[in-house]
Amino acid sequence: LLRRKEIIERLQSSRYQMVHVFDELVRTLPDGVRLSEMSQAGEALNLIGQAQSNARISAYMRNIENAEWLRLPDFRKSEIVGDEKSGRYRFELGVSLRKSEDEGDGE
């Protein structure tokens, strides 16, 4: 019974986490960057998108570093889409989610 209670309390404390995560994904996205895919495994997100340049991908990673609900951006790859004149890069990033038990620590 205590184990069930702990599980319910943990779920209750993290129920708004994804709302905050989606909000931060939008707010941290700089101009010239868009996301096309996202997957989650536990406390880790895998983000795939396109950017106008590698510099914009770097700006996105800096924004993630300063975000409240996202942390530890992990650059995985960037490749040019089409020819070099198109100026589009497909990228993949790994991002860690802030654990819900960290909620009150004001990071």
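The structure is a predicted model, in which local features need pLDDT of at least 70, side-chain atom pairs count only at pLDDT 80 or more, and totals for chains, interfaces and linings use all residues. Residues are numbered from 1 along each chain as its sequence is written, and side-chain values use heavy atoms, with hydrogens and water left out.

Thr28 belongs to helix H2, which covers residues 17-28. Helices (H or I, at least four residues) and strands (E, at least two) are DSSP runs, numbered from the N terminus. With a relative accessible area of 7%, Thr28 is buried; buried means under 20% relative accessible area, exposed over 50%, and partly exposed in between, with a 1.4 Å probe and protein chains only. Leaving aside residues up to four places away in sequence, Thr28 touches Tyr60, Asn63, Ile64, Ala67 and Leu70, where contact means heavy atoms within 4.5 Å. The Thr28 side chain also reaches the backbone oxygen of Leu25 at 3.4 Å.

Thr28 is one of the buried residues of H2, which are Gln17, Val21, Glu24, Leu25 and Thr28. Viewed down the axis of H2, these buried residues fall within an arc of 105°, so they line one face of the helix. The arc is that of the directions from the helix axis to the C-beta atoms. Val19, Val26 and Arg27 are exposed on the other side of H2. The buried residues pack against strand E1 (33-41), strand E2 (44-51), helix H3 (54-65), strand E3 (70-81) and strand E4 (88-97).

The four strands form an open sheet in the order E1-E2-E4-E3, with antiparallel pairing. E1 and E3 stand at the edges with a single partner strand each, so one side of each has no neighbour in the sheet. Strands of a sheet pair through backbone hydrogen bonds, either parallel or antiparallel. Here two strands pair if DSSP finds at least two bridges between them.

Two of the pairings can be followed residue by residue. E1 and E2 run antiparallel and are joined by eight bridges; Leu35 has Gly49 in E2 as its bridge partner. The hairpin of E1 and E2 has two residues between the strands, and Gly42 takes a positive phi near 65° there. E3 and E4, also antiparallel, are joined by nine bridges. Val81 stands opposite Arg88 in E4.

Conventions. Polar contact = N/O pair within 3.5 Å; in protein donor to acceptor, adjacent residues only side chain to side chain.
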